[in-house]
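I set out to read one model from start to finish and to write down what I looked up.

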2 protein chains.
Amino acid sequence: MPVAELLPLTDVTACCTPITLDAMTAEQAEVMARTLKALADPARLRLLSLVAAHDDDEACVCDLTEPLGLSQPTVSHHLKILVEAGFLTRSKRATWAYYRIVPGSLDAVAGLLTSV
Amino acid sequence: MPVAELLPLTDVTACCTPITLDAMTAEQAEVMARTLKALADPARLRLLSLVAAHDDDEACVCDLTEPLGLSQPTVSHHLKILVEAGFLTRSKRATWAYYRIVPGSLDAVAGLLTSV
């Protein structure tokens with residue numbers, strides 16, 4: 001999926017109510033589908049899981065390539081999609097980029113799926 | 001996505017723990033990504049939302065095509081993916097097929113995203 005199609009997670013929480021609360025509009029469904037597409041990939045789910053499992057919920061990209069068995073460009077591509085979608089933040093220190101889970105970002109998506 | 005790639009939701013709840021609890025295995029990530037892909041489509045999100053908004057959480061396929069502005073074959077295709085993924089049940093009465101949300105199915109996915 002092109003990264004440009006993704007919107008930050010703030011757009012999801014701003015746009016959308018839980019899907020079983022009211023009939024969604026076409027626009028709400030587009031925004032929520034884009035956010036779910038960012039999650040709906042095995043490599044990206046494992047990256048989120050690996051980052052969350054690290055000390056301080058932060059991981060260096062150098063620690064993420066080997067467990068996934070993917071090349072660093074491929075891992076960086078998936079990390080970029082997760083940053084664009086608002087699930088990770090990226091900070092560069094010395095040689096490496098470090099990724100951290102955005103607090104509450106997964107809970108926000110969960111809240112849109114939960115029945116009310 | 002071919003319907004054959006989808007697994008019933010019971011496989012997700014059986015296979016997987018919340019993604020931030022432990023580093024996921026490749027197999028767990030594959031199962032969870034397939035379930036999220038079933039949701040990560042604007043037409044399918046709107047169908048779930050429309051079914052949930054109906055009386056008794058049940059809707060006839062004849063009530064779902066017009067609000068979406070899609071053809072009945074296209075709507076039936078999306079409904080089939082949601083049934084295969086374990087989010088809807090289908091029952092046929094007289095001429096029409098009726099769809100109902102599987103209780104707890106969206107909550108189960110939400111539970112895998114929620115931080116613990």
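**Entry 1: confidence**

I noted at the outset that this is a predicted model. I looked up the confidence of chain A and found an average pLDDT of 87. In that chain, 90% of the residues score at least 70. I then asked where in chain A pLDDT stays under 50. The stretch is residues 1–5, and the model gives it nine contacts beyond four places in sequence.

**Entry 2: the fold of chain A**

I looked up the secondary structure of chain A, which comes to six helices and three strands. Along the sequence the pattern reads α-α-α-β-α-α-β-β-α. I also looked up burial: of the 116 residues in chain A, 48% are buried. For contacts I took pairs of residues at least 6 apart in sequence, and 60% of these contacts in chain A join residues at least 24 apart.

**Entry 3: helix H2 of chain A**

I picked helix H2 of chain A, residues 26–39, and checked its span. The helix has 14 residues and reaches 20 Å from its first C-alpha to its last, close to the 20 Å expected. Which residues of H2(A) are buried? The list holds A:Gln28, A:Ala29, A:Val31, A:Met32, A:Ala33, A:Thr35, A:Leu36, A:Ala38 and A:Leu39.

**Entry 4: a positive phi**

I know that most residues other than glycine have a negative phi. A:Ala94 is not a glycine, yet its phi is positive, at about 55°. I looked up where A:Ala94 sits: in the loop between strand S2 (88–93) and strand S3 (96–101) of chain A. Is A:Ala94 buried or exposed? A:Ala94 counts as exposed because its relative accessible area of 81% is over the cut-off of 50%.

I repeated the search in chain B. B:Ala94 has a positive phi near 55°, and its place is the loop between strand S2 (88–93) and strand S3 (96–101) of chain B. B:Ala94 is exposed as well, with a relative accessible area of 78%.

**Entry 5: the largest pocket**

I turned to pockets and wrote down a volume of about 210 Å³ for the largest pocket. Its lining has 14 residues, and the closest to the centre are A:Thr20, A:Ser115, B:Asp57, B:Ile101 and B:Pro103. In chain B, S3 and helix H6 (105–113) each supply at least two lining residues. H6(B) gives the most, with three residues. Sorted by type, the lining of the largest pocket has seven nonpolar, four polar and three charged residues.

**Entry 6: the second largest pocket**

The second largest pocket has a volume of about 180 Å³. The largest share is that of H6(A), at three residues. By type, I wrote down seven nonpolar, four polar and three charged residues for the second largest pocket.

Definitions and conventions: Residues are numbered from 1 along each chain as its sequence is written. Chains are lettered from A and ligands numbered from 1 in the order in which they are written. This is a predicted model: local features need pLDDT of at least 70, side-chain atom pairs count only at pLDDT 80 or more; totals for chains, interfaces and linings use all residues. Side-chain values use heavy atoms; hydrogens and water are left out. Helices (H or I, at least four residues) and strands (E, at least two) are DSSP runs, numbered from the N terminus. Buried means under 20% relative accessible area, exposed over 50%, partly exposed in between (1.4 Å probe, protein chains only). The expected span of a helix is 1.5 Å times one less than its number of residues. On a 1 Å grid over the protein atoms alone, a cavity is a set of points where a 1.4 Å probe fits but cannot get out, and a pocket is an open set with protein on both sides within 12 Å along at least five of seven lines; lining residues have an atom within 4 Å of a point. Grid points are joined across faces, edges and corners, and a volume is the space filled by probe spheres set on the points. Ala, Val, Leu, Ile, Met, Phe, Trp, Tyr, Cys and Pro count as nonpolar, Asp, Glu, Lys and Arg as charged, and the others, Gly among them, as polar. pLDDT is the predictor's confidence in each residue, from 0 to 100. Contact means heavy atoms within 4.5 Å.
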